[in-house]
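Keep the 3D view open as you read.

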Amino acid sequence: MANSVTGSALLTQISARRFEASIDTGAILNISTSPRNIDAVSIDNSANSHISYLRIFNFDGSPAATLGSNSPDVILPVSASSSADFTFDPAVVFGTGIEIAVVQDAGTAGTTAPGNAVSVILLTS
């Protein structure tokens, strides 16, 4: 299965946009090239028997960030065989856009892909 992203508008909500991604490779995935604020993140790592880490990068133009070289702005861990929800008040500001990656490695240097797909939902304004 390849990485994929879908986006949809949220009407009459605090968050204006919902992005959903299914990530099974150790690659950076572009979510938005427009400035966004992240209000909430939901991560489903239930298909993996290891901790996974969602890395969120401020999009800095083309080419995209390089996994293992560029430091992410946010790292969110999710325990093995579980899900986690994160909310931010105030929102986390990404001034030029958002890129994400999911890996098995803590910190910023690793590039090991998750064994199975990890579902990520971002609510942005």
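**Around Ile56**

Leaving aside residues up to four places away in sequence, Ile56 touches Ile38, Pro72, Asp73, Val74, Leu76, Phe94, Ile98, Glu99 and Ile100, where contact means heavy atoms within 4.5 Å. Before we go on, a word on the source: this is a predicted model, in which local features need pLDDT of at least 70 and side-chain atom pairs count only at pLDDT 80 or more, while totals for chains, interfaces and linings use all residues. Residues are numbered from 1 along each chain as its sequence is written, and side-chain values use heavy atoms, with hydrogens and water left out.

Now for the sheet. Helices (H or I, at least four residues) and strands (E, at least two) are DSSP runs, numbered from the N terminus. Two strands pair if DSSP finds at least two bridges between them. Four strands form an open sheet in the order 3-8-5-6, with antiparallel pairing. Strand 3 (29–32) and strand 6 (74–78) stand at the edges with a single partner strand each, so one side of each is left without a neighbour in the sheet. From one strand to the next, the twist averages 25°, with axes taken as lines fitted to C-alpha atoms, for helices over the stretch in contact, and angles running from 0 to 180 degrees between N-to-C directions.

Let's look at strand 5 (residues 52–58), which is joined to antiparallel strand 6 by five bridges. Here Ile56 stands opposite Val74, and Leu54 has Leu76 as its bridge partner. Strand 5 also runs antiparallel to strand 8, with six bridges between them; one of the pairs is Asn58 with Ile98. Six of the seven residues of strand 5 are buried, that is, under 20% relative accessible area, whereas exposed means over 50% and partly exposed lies in between (1.4 Å probe, protein chains only).

What about the nonpolar cores? Such a core is a set of buried Ala, Val, Leu, Ile, Met, Phe, Trp, Tyr and Cys residues joined through side-chain atoms within 4.5 Å. The largest has 21 residues, of which Val41, Ile43, Leu54, Ile56, Ile100, Val120 and Leu122 touch the most other members. Another core, of seven residues, lies apart from it and includes Ile28, Phe57, Ala101 and Val103.

Finally, visit Ala113, in the loop between strand 8 (98–103) and strand 9 (118–124). Ala113 is partly exposed, at 26% relative accessible area. Its contacts, not counting residues up to four places away in sequence, are Asp24, Thr25, Gly26, Val102 and Gln104.
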